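Morning, everyone. I have one structure to show you today, and I will keep to a few of its features. Please have a look at it first.

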Amino acid sequence: MSETSGTAFRPESAEGVREVVAWAAAEERPLEVLGHGTKRTVGRPVQAEHALDLTSLTGVTLYEPEELVLSARAGTPIAQIEALLAGRGQELPFEPMDHGPLGGGAAGRGTVGGVVAANVGGPRRIKAGAARDHVLGVAAVSGRGEIFKAGGRVVKNVTGYDLSRGLAGSWGTLAVLTDVTLKVLPRAEAATTLVLERLADDDAVRALAAAMGSPYEVSGAAHLPAGLAGDLPGLGHGRAATLIRLEGFEPSVAYRAERLAGLFADVAPAERVSGEASAALWRAVRDAMPFAASARPLWRVSVAPTAGPAVVSALAGRSVRHFYDWSGGLVWIEVPDEADDACAGLIRTAIEAAGGGHATLVRGSAALRTAVPPFQPQPAALAALSRRLKEQFDPNGILNPGRMAAGQ
């Protein structure tokens, strides 16, 4: 679970979390905040002796299918929530990624608190957004050891910040989430994936852009180069595969698939994958499964969709493996161990040349995660704002210190 050498505190209630954090604040003892640790390879190694383990803080506390609302304690496994929703024909629309296999762990162990704290989103982000876009409310404990609530079904936030969304993406450095309330949506009746084969990266990204610009409501748009495509279920041939997903009512999906196939008639023939085969394919894309069997450093790069191939081209000759999601706007890049530092610089230089974006090291050794900034360095003004927020919520710097940036 934790690599910390001290005590692993496992509170079973929000009050128990408050007591641990209040003690840590008074004694100035930093805490590593985590659930099952499925995202521990993301960010700098946390500089803490003790761990605050939230895996005993579990359970769905509210589920109103008719109101499309669900509340759960932070340590509740996402897999448990998704199973509950599936039984009522509903889902988490932001399609949260399971980081476990990428870190060498088991699937299905990520928690709802971790998903919100990391602002996780999957292939459907191009249509539905990420976790923060579906958070209605939270309860949390600040680094001062104070319980607070914000958002939808709880007390009105009057601080001037949208705290429910502001804590999403803070990676446990501002507060410890104890309860989360999410908006859920009905699951699509049908889903079909169009598969275009043998396209080069540039051509594939243009095809995905055309699909996204069409009126056919695409909910997934990815491209896997030759060789890598063979690691996905149903694509064992190994040829380059460009994937376009359509979801909705069966007649609508069939009509849109027919029209999109016609749109690409001069580009490549479109095969169709439907039902559970389509779902399995997109789970593999969601979880970056082509890289799960490896331990090499892995970068998650977010840029303008048309800029993705240029970022990959900047690494030519370095034996990288890559694929695209979000219509080319998300590029997963696995680099060889011997090129760690050089690749980090090349990736960030390429991002700057492409007009901006973000590169996050989602897997790497502790040495690498210390040597290079795992998160995209912030502009001076934004970095100053981040420091002020940290000072307000966690003045003693006891929550996940050093995870997002050195000295914070």
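Strand S1 and strand S3, residues 50-53, run parallel and are joined by 2 bridges. Keep in mind that this is a predicted model. Within that pairing, Phe9 stands opposite Leu52 in S3. Helix H1, residues 14-27, packs on the sheet and touches S1, S2 and S3. The direction of H1 makes about 160° with that of S3.

For those new to this, strands of a sheet pair through backbone hydrogen bonds, and the pairing can be parallel or antiparallel.

In what order do the 3 strands of the open sheet come? The order is S1-S3-S2, and the pairing is parallel. Strand S1 (8-9) and strand S2 (31-34) are the edge strands, since each pairs on one side only.

Now the loops. Which residue sits in the loop between strand S11 (190-197) and helix H6 (201-213)? That is Arg198. Arg198 is not a glycine, yet its phi is positive, about 70°. Is Arg198 buried or exposed? Its relative accessible area is 63%, and exposed means over 50%, so Arg198 counts as exposed.

The other residue is Ser319, in the loop between helix H9 (308-313) and strand S16 (321-325). Ser319 also has a positive phi without being a glycine; the value is near 60°. With a relative accessible area of 58%, Ser319 is exposed.

That is what I had. Questions are welcome.

Definitions and conventions: Residues are numbered from 1 along each chain as its sequence is written. This is a predicted model: local features need pLDDT of at least 70, side-chain atom pairs count only at pLDDT 80 or more; totals for chains, interfaces and linings use all residues. Side-chain values use heavy atoms; hydrogens and water are left out. Helices (H or I, at least four residues) and strands (E, at least two) are DSSP runs, numbered from the N terminus. Buried means under 20% relative accessible area, exposed over 50%, partly exposed in between (1.4 Å probe, protein chains only). Two strands pair if DSSP finds at least two bridges between them. Contact means heavy atoms within 4.5 Å. Axes are lines fitted to C-alpha atoms, for helices over the stretch in contact, and angles run from 0 to 180 degrees between N-to-C directions.
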